[in-house]
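This briefing is intended for a reader who is new to the structure shown below. Its points are grouped by topic.

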Amino acid sequence: MDEKHEKSWFGRNWMWAVPVGGCGCGCLLIVLFFVFGIGAAIFGVSKMIDNATPIEYAMEQVRNNEKVISLLGDNIEKYGIPSGNISLRNNDGDVDFSIPIRGSKGEGTLIVKGIKTDGEWVYEDLYVRIKETQEEINLLENEKVLESI
């Protein structure tokens, strides 16, 4: 009589059992921890940038500028990934950012450059570049502007 020898449960399922739970606390848990940790860090930094005073101020100026509204349309919002630098040190800092924006009629880029001194932001550049025409609309016409040194 022939005797059949079947593999054990672990012998049949080792390909998924080892990554899920075979490394002590589970390699899959470690991988998920890193994936979600990196995602949370990116989300946190993105939220911090979105809530920065210069970015909020710049978006308020965009939404209140009639020329920008006529070219990009209503409901202008940020989209995509902003690029640039923002640095804050106590009551001082600087910002140099470009933020993709879009409205119901078109798209553009919001450029924000400024310096914070003694808790007050002064903007060197604040304008919108329209994507289709490359026209630049100055948002600082009646605001405090950093003079060239």
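A search of the whole structure, which is a predicted model, finds six salt bridges.

**Salt bridges**

- Glutamate 135 and lysine 67 form a salt bridge in which the closest N and O atoms are 2.9 Å apart.
- Because glutamate 135 lies in the loop between β5 (120-130) and β6 (136-138) and lysine 67 in helix α4 (residues 66-72), this pair ties together parts that are 68 residues apart in sequence.
- Glutamate 135 is partly exposed at 27% relative accessibility, and lysine 67 is partly exposed at 43%.
- A salt bridge also joins glutamate 77 to arginine 102, with the closest N and O atoms 3.5 Å apart.
- That pair links distant parts of the chain, as glutamate 77 belongs to strand β1 (residues 77-78) and arginine 102 to strand β3, 25 residues apart.
- Both partners count as partly exposed: glutamate 77 has a relative accessibility of 38%, and arginine 102 has one of 33%.
- Lysine 113 and aspartate 125 meet through their side chains in a salt bridge, at 3.9 Å from N to O.
- Lysine 113 is in strand β4 (residues 107-117) and aspartate 125 in strand β5, so the pair ties together parts that are 12 residues apart in sequence.
- Lysine 113 is partly exposed at 27% relative accessibility, as is aspartate 125, with a relative accessible area of 23%.

**Overall make-up**

- The chain contains four helices and six strands, and from the N terminus on its elements run α-α-α-α-β-β-β-β-β-β.
- Of the 149 residues in the chain, 27% are buried.
- Among contacts between residues at least 6 apart in sequence, 40% join residues at least 24 apart.

- Strands β2 (residues 83-89) and β3 (residues 92-102) pair in the antiparallel sense over seven bridges.
- Within this pairing, glycine 84 stands opposite phenylalanine 97 in β3.
- Two residues lie between the strands of this hairpin, and asparagine 90 in the turn has a positive phi of about 50 degrees.

**Nonpolar surface patch**

- Trp9, Phe10, Trp14, Met15 and Trp16 form a nonpolar patch on the surface, with about 640 Å² of accessible area together.
- Methionine 15, a member of this patch, is found in helix α1 (residues 9-22) and is exposed, with a relative accessible area of 60%.

Note on methods:
Residues are numbered from 1 along each chain as its sequence is written. This is a predicted model: local features need pLDDT of at least 70, side-chain atom pairs count only at pLDDT 80 or more; totals for chains, interfaces and linings use all residues. Side-chain values use heavy atoms; hydrogens and water are left out. Patches are made of residues with over 30% relative accessible area and no salt bridge: like charges are joined within 9 Å, nonpolar side chains (Val, Leu, Ile, Met, Phe, Trp, Tyr) within 5 Å. Accessible areas come from the Shrake-Rupley method with a 1.4 Å probe; for residues, only the protein chains shown count as cover. A salt bridge is a side-chain nitrogen of Lys or Arg within 4 Å of a carboxyl oxygen of Asp or Glu. Buried means under 20% relative accessible area, exposed over 50%, partly exposed in between (1.4 Å probe, protein chains only). Contact means heavy atoms within 4.5 Å. Two strands pair if DSSP finds at least two bridges between them.
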